[in-house]
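Please keep the model in view while going through the numbered points.

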Amino acid sequence: MRYALLAGALLAAACQSPETNNQTADSPPAKDLHTLSNADSIKVRHLDLDIRVDFAAHRIEGSAAWHFANPDGLSVLRLDTDGLTIDSVTAGGRKVPHSLDSAVAFLGNRLNVPIEKNDTIVRIWYKTATTATALQWLEPAQTLGKNQPFLYTQSEPTYARTWIPGPDGPGIRFTYTARVTVPKTLMALMSAENPRQKNDSGVYHFRMDQPVPAYLMALGVGDVAYRAIDGRTGVYAEPAMLDRAHFEFAEVGKMVTTAEGLYGPYRWGVYDVLVLPPGFPLGGMENPRLTFATPTIIAGDRSLVSLIAHELAHSWSGNLVTNATWDDFWLNEGFTVYFERRIMEAMMGADYADMLWELGYQDMQETVNDLGKDSRDTWLKLDLKGRSAEDGLTDVAYEKGAHFLRRVEEEVGRQKIDSFLYKYFNSHAFKTMSTEQFLEYFNAELMKGDTALVSKIRVKDWVYGPGIPDNCPRVPQARFGKVDAEREKFLKGGAAGGLRTQGWTSHEWLHFLRKMPKPLPLAQMQQLDGAFRFTQTGNSEVANQWFIMSVAAGYKPAFAKMEKFLSQVGRRKFLTPLYTEMMKSPEGTAMARSIYGKYRGNYHPLAQETLDRIIKK
C-alpha cells in the first residue's frame with residue numbers, strides 16, 4: 001500500500017509467476033566454490049523425491065529424480081553428496097554405472113552419472129548415513145511430549161547434500177515434489193504445501209512450485225499439531241507447546257501485512273512456523289512457507305518475536321533474491337536484519353527498533369573483536385575458498401550488512417532507499433545475486449553517478465574493507481539511556497530493589513546486564529538476583545546473559561538452573577558463549593566437561609561440532 005504510486009510496470013513485475021520470472025535466472029551464476037556439481041552447465045529444473053524415514057535405523061532412504069536440460073550435450077551429470085550410500089542410478093530409464101569421487105574437505109563426494117544427449121531425468125536410489133550433519137534424530141525423552149521421536153533437518157549452508165543427492169549451491173534453483181513415508185503416529189512437514197493434520201497412512205505428499213535452492217529444502221517429522229493464526233499464517237508445535245506458541249505468535253499475520261507494505265507482495269502463499277524441540281541449533285531457519293523456530297523465543301510475553309520478523313523478512317531477502325555464493329552471504333542476512341528492524345519499527349515504534357539496532361551493534365563489535373579488526377573475515381564480501389561455508393556465518397554478514405543499509409538510508413533518505421529496495425526485490429524475484437552484481441545495480445539505480453554521495457557512504461570501505469567503518473551509524477538511545485542511568489545508580493551503591501525498571505522489555509534487561517562489569521562482586525550478584533530473580537527467569541536471552549555473569553563471578557546459586565538450561569537448550573547462540581566462559585578457569589572447565597558429557601546427545605550435530613572444539617581444546 002505504501003508504494004501505490006510506483007510505476008505500473010513494477011507492480012506488474014511483482015505479480016509475475018515464479019516460472020516466468022525464473023526464465024531469466026539462467027544466466028551463468030558467480031563461481032560457487034562450495035558445490036562439486038556441474039549445474040552451471042546442466043540446468044536442473046525439478047526434483048521428485050520419494051523417501052522413507054526410518055527412526056529405528058536413524059536413516060532416510062529412497063530415491064531422488066532430477067529433471068534437467070542439457071543444452072551443451074554433456075556426457076556426465078555431476079551432483080553433490082556427503083556420506084550418502086548410492087544404491088543404484090538410472091538415466092532416461094536405463095540403469096547406468098555411477099562413481100563417487102574421493103571426499104573433499106567441507107564439500108563431500110561428487111557423484112558422477114553418465115548421461116546421453118537426450119536424457120532429461122536421472123533417478124538415484126540412496127540411503128543417508130547415521131552421521132548426516134543435516135539430520136537430528138531425537139528420542140522421545142528429548143521432546144516435550146516424551147512419547148514420540150522427532151526428526152528435523154538443517155540444510156544451510158551446505159548440508160542438503162547429506163540427506164539428498166543433488167546440486168547443492170545457493171545459486172541453483174529448482175521446484176520439487178515429494179512423497180514422504182513416516183510412522184503413522186507422526187506427521188511430516190516440508191518447506192512446501194503442508195498438511196494441517198495427521199493422516200491414517202503415514203504417507204504425505206508435498207509440492208513446491210516456486211524454485212528454491214537446496215539449502216531451503218527442509219523436513220520435520222514428529223508428533224505435531226497445527227493452529228491457524230489467520231487466513232495465511234499459522235503455527236505447528238508439539239501439542240504441549242501449541243497453546244503457548246499460538247499466543248506468542250498472535251501478531252505474525254500482522255507482520256506479513258506490515259512487510260508487504262514495505263517491500264511488496266508476499267510470494268509464498270502461506271507463512272507458517274514450526275516450533276521445534278529444544279535441540280535446534282539456531283534461532284530460526286527461513287524455510288519457505290515453514291519457518292523452523294527455536295522454542296527459546298517462547299517467553300510468554302511476545303518479547304522475542306523479532307526473530308520471527310527476521311525469518312519472515314527472508315521471504316524477500318534470501319528466499320526471493322538469493323546470494324549467488326556463500327561469499328555473498330551478506331546479501332541474504334544484512335538485508336534481512338535491516339528489513340526485520342523496519343518491520344519491528346512499523347509495529348512497535350522507533351524507540352523499540354532502536355534497542356534492536358544497539359544490541360546488534362554490540363554483537364557486531366564483539367564479533368569483530370573476536371575475529372580481529374583487520375581480519376579478512378570482517379569484510380562483507382567474503383573469501384571462503386578452501387574453507388567451510390560455516391566460517392562465513394557470523395554477525396559480520398548480519399550486522400555490518402544491516403548497518404551498511406542504515407548508512408545508505410542516512411544519506412539518501414528513507415523514501416529513496418525504500419523505493420530502491422522495493423524495486424530490487426521485485427525485479428530480481430526468484431533470481432540470485434552476487435556482490436558485484438548488486439553493486440552494479442546499486443550504482444545504477446541509487447547512486448546514479450553522484451560521486452559526492454558515493455564518497456560519503458564509502459561503499460568500498462564497507463564491502464571490501466575490514467572492521468567497522470568509522471562512519472557506521474549509531475541510533476538514538478532514548479530507552480537504553482535510561483537503562484544506563486539505572487545501572488550506574490546500582491554500581492554506585494544504590495539498592496537493586498529501588499531501581500526504576502517498571503515496563504522494561506527483555507531488550508532493556510539484556511542491555512542492563514551486558515554492560516555490567518565482569519566479574520561482578522558476589523554481593524552485587526546476590527542483590528540483583530534477590531530483586532529481579534534472574535536465576536529463575538523464563539526469558540532465554542536474559543537467562544543466558546545472567547548465567548555467563550554467574551560463571552564469571554562464581555555465583556553458585558545459579559549453577560543448578562544453568563545446568564538445567566544447558567540440558568534443554570540447543571541454540572548455539574547461547575551454548576557457545578556460556579561454555580566458552582566456563583572454560584576460562586579450572587573449576588569452570590571441570591563443570592563444562594561434566595555438563596557437556598551429560599547433554600551432548602541433546603545437541604544438533606552442528607552444535608556438537610562447535611562445542612567439541614571448545615570443550616576439548
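1. Val 275 has Ala 293 of strand E19 as its bridge partner. Strand E17 (residues 271–275) and strand E19 (residues 290–293) run parallel and are joined by four bridges. Strands and helices here are DSSP runs numbered from the N terminus, a strand (E) having at least two residues and a helix (H or I) at least four. Two strands are said to pair if DSSP finds at least two bridges between them.

2. The model is a predicted one, in which local features need pLDDT of at least 70, side-chain atom pairs count only at pLDDT 80 or more, and totals for chains, interfaces and linings use all residues. Residues are numbered from 1 along each chain as its sequence is written, and side-chain values use heavy atoms, with hydrogens and water left out.

3. The pair E17 and E19 belongs to an open sheet of five strands with mixed pairing, in the order E15-E16-E17-E19-E18. Its edges are strand E15 (225–228) and strand E18 (284–285), each of which pairs on one side only. Helix H3 (residues 239–248) packs on this sheet and touches E15, strand E16 (233–237) and E17. The direction of H3 makes about 150° with that of E16. Contact means heavy atoms within 4.5 Å; angles run from 0 to 180 degrees between N-to-C directions, and axes are lines fitted to C-alpha atoms, for helices over the stretch in contact.

4. A further open sheet has four strands, ordered E9-E10-E14-E12, and its pairing is antiparallel. At its edges are strand E9 (135–138) and strand E12 (187–190), each pairing on one side only. Neighbouring strands in this sheet are turned by 10° against each other on average, direction ignored.

5. Strand E10 (residues 150–153) deserves attention for its partners. E9 and E10 run antiparallel and are joined by four bridges; Trp 137 stands opposite Leu 151, and Gln 136 has Tyr 152 as its bridge partner. Two bridges join E10 to strand E14 (residues 219–222), again in antiparallel fashion, with Leu 151 opposite Val 221.

6. What covers are found on the two faces of E10, and which residues lie on each? Both faces are covered: Phe 150 and Tyr 152 on one side, and Leu 151 and Thr 153 on the other, are all buried. Buried means under 20% relative accessible area, exposed over 50%, and partly exposed in between (1.4 Å probe, protein chains only). In a regular strand the side chains alternate between the two faces of the sheet.

7. Helix H8 (residues 395–412) and H9 pack at an angle of about 125°, with axes 7 Å apart. H8 and H9 are therefore oblique to each other; angles under 35 degrees count as roughly parallel, over 145 as roughly antiparallel, 65 to 115 as roughly perpendicular and the rest as oblique. Leu 405, Val 408, Glu 409 and Val 412 of H8 meet Arg 414, Lys 416 and Ile 417 of H9. By class, this contact has four nonpolar, no polar and three charged residues. Ala, Val, Leu, Ile, Met, Phe, Trp, Tyr, Cys and Pro count as nonpolar, Asp, Glu, Lys and Arg as charged, and the others, Gly among them, as polar.

8. Helix H9 (residues 414–427) also packs with helix H10 (residues 435–447), at about 130° and with axes 11 Å apart. The pair H9 and H10 is therefore oblique. Lys 416, Phe 420, Lys 423, Tyr 424 and Ser 427 in H9 meet Phe 438, Tyr 441, Phe 442, Glu 445 and Leu 446 in H10. The residues of this contact divide into six nonpolar, one polar and three charged.

9. Most residues other than glycine have a negative phi, and most peptide bonds are trans. Phe 430 has a positive phi near 65°, lies in the loop between H9 and strand E21 (431–433), and is buried at a relative accessible area of 1%. Lys 146, in the loop between E9 and E10, has a positive phi of about 70°. The peptide bond from Glu 156 to Pro 157 is cis, with omega near 0°, and Pro 157 is found in the loop between E10 and strand E11 (174–181).
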